[in-house]
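Biologist: I am new to looking at protein structures. Could you show me how to read one, feature by feature?

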Amino acid sequence: LTRRVRIRVTFSSDDRNRSYEILIRDRILDELIEGTLPLPNANSFIIVTDANVNKLYGSKLLKGLSGVTKAGLVSFPAGEANKNIETAWKVASELSRLGADRRSVVIALGGGVVGDLAGFVASIYKRGVDYLQIPTTLLAQVDSSIGGKTGVDAPWGKNQLGTFHQPKGVFIDPRTLLTLPPHEILNGVAEIAKCAIVADREMFSQLSKLTKFDSDIPRKFIVRACRIKARIVSEDEKETNLRVVLNYGHTVGHAIESSSNFRLRHGMCVTLGMMAESWIALTMNLLQRTDFEKQFELLRRLYRYSSVNLPILNKETLFKFALTDKKTDSLTVRMSLPREIGKMYTTADGNYRVPVSKEIFDGSIDYLRKALSNG
Ligand SMILES: NC(=O)c1ccc[n+]([C@@H]2O[C@H](COP(=O)([O-])OP(=O)(O)OC[C@H]3O[C@@H](n4cnc5c(N)ncnc54)[C@H](O)[C@@H]3O)[C@@H](O)[C@H]2O)c1
Ligand SMILES: [Zn+2]
């Protein structure tokens, strides 16, 4: 990808100064390091990153920025386990120690963990400072760096403390994927497949033609996924309705992930989740069988590609995790379902959340187990 792709995320006209651009190009990180890509005006830049990304790219970026402006760096240990309030506290303390003020800009350099945590700290440090996203995992490039959801995990659940805080810009350098472990690539591919099923039929058929899913994934898939996410969050920033379509596969997927105590990878769980949820759409007569089968074929291939064993799928446990309102003894869950590849279903009153009975939910888990038990 030698041409620089620009995608705008825009919000309603009263809020034009919150709009921003996503720039995608190979070596854009090098341009930032060499100072050939202009950054916004700021009193200083503080890079927030994790230890892995720091070793690969963090210190280089710090060195580059220090040549042209006041810059600092804060690094924390990698991994979801560190996406918590204690780390946020430490990062904020470091910002203060480095003299960051309200006109300083935070640079989130890393995967979704870094992006969510750095964005969260930026949203509350001195009542909010600007931040930029430089996502370095495929998942972060196509999903988490766009849309302004920030947050940390709590002992009682994932992402339980958070804010909406849009970045001032997103810089995507697909070449950073070259250092990413293969299973991390698959996490991103699952979200790309989700985007295609939700909003882009042609992208889906192109994706179905791929024979391998590695760091050489054609750049057009990153670009198209970003366009889809940008359009959806522009239209419904706070997830009042449309943005929930991005949760496709995630109701069952999250339930599988939670019931495994987060030992299973997110991408694999979402892949299984989409298989189950597309079966639900088929069974509720929302989705045609041909589109169900096309989808199933790609998802099964993705699942096999991850070469893990089928997890234990306990219907009762999964249903409990899938219930969003844990207080009621409700027997329905709400989820977003496809009506064809590239289009999501809405109820007669335009709601993208569709109620699904426990019976059908259970059926989808039985189906999943049967369909995958022979590999
Ligand atoms: N805000 C949102 O809208 C949103 C959306 C989806 C997911 N998320 C969040 O994203 C997080 C998951 O993000 P993730 O999958 O990127 O995980 P991650 O940030 O933990 O990164 C995965 C691993 O890859 C390493 N890494 C990152 N970039 C690398 C590179 N270029 N080369 C080598 N190693 C590299 C990291 O150090 C880490 O060990 C979750 O916490 C999830 O809740 C947020
Ligand atoms: Zn996801």
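Predicted model: local features only at pLDDT ≥ 70, side-chain atom pairs only at ≥ 80, totals over all residues.

Biologist: Let's begin with the inside. How many residues does the largest nonpolar core have, and which of them have the most contacts inside it?

Modeller: A core of this kind is a set of buried nonpolar residues joined through side-chain atoms within 4.5 Å. Here the largest one has 82 residues. Those with the most contacts inside it are Ile22, Leu138, Ile192, Ile256 and Phe361. Helix α10, residues 266-283, gives the most to this core, with 11 residues.

Biologist: Can we look at one of those residues? What is Phe361 in contact with, leaving aside its neighbours within four places in sequence?

Modeller: With those neighbours set aside, the partners of Phe361 include Val252, Ile280, Leu318, Phe319 and Met335. Lys315 is also on the list. There is a second, separate core too, made of 21 residues, and Phe76, Ala88, Phe120 and Tyr131 are among them.

Biologist: Now the ligand. Which residues come nearest to ligand 1?

Modeller: Start with the shell of residues around the molecule, then look at single atoms. Ligand 1 has 25 residues around it, and Asp50, Glu80, Thr136, Thr137 and Thr179 come nearest. By kind, the shell divides into seven nonpolar, nine polar and nine charged residues.

Biologist: And which atoms of the protein lie close to nitrogen or oxygen atoms of ligand 1?

Modeller: A polar backbone atom of Gly112 is 2.8 Å from an oxygen atom of ligand 1. For Thr176, a polar backbone atom lies 2.9 Å from a nitrogen atom of the ligand. With Thr179 the side chain takes part: one of its polar atoms is 2.7 Å from a nitrogen atom of ligand 1.

Biologist: How much of the ligand does the protein cover?

Modeller: On its own, ligand 1 has 870 Å² of accessible area, and the protein covers 86% of that. The elements giving two or more residues to the shell are α2 (51-68), α4 (112-124), α5 (138-144) and β8 (157-164). Of these, α2 gives the most, with four residues.

Biologist: Let's turn to single residues. Is Asp26 buried or exposed?

Modeller: The cut-off for buried is under 20% relative accessible area. Asp26 counts as buried because its relative accessibility is 18%. This residue lies in the loop between β2 (20-24) and α1 (28-34), and its side chain makes a polar contact of 3.4 Å with the side chain of Arg219.

Biologist: What about Arg27?

Modeller: Arg27 is found in the loop between β2 and α1. With a relative accessible area of 43%, Arg27 is partly exposed.

Terms used. Residues numbered from 1 in each chain as written. Chains lettered and ligands numbered in written order. Heavy atoms only, no water. Buried < 20%, exposed > 50% of the residue type's maximum accessible area, 1.4 Å probe, protein only. Contact = heavy atoms within 4.5 Å. Near = heavy atom within 4 Å. Polar contact = N/O pair within 3.5 Å; in protein donor to acceptor, adjacent residues only side chain to side chain. Areas by Shrake-Rupley, 256 points an atom, 1.4 Å probe, with all protein chains shown as cover. Nonpolar A, V, L, I, M, F, W, Y, C, P; charged D, E, K, R; others polar.
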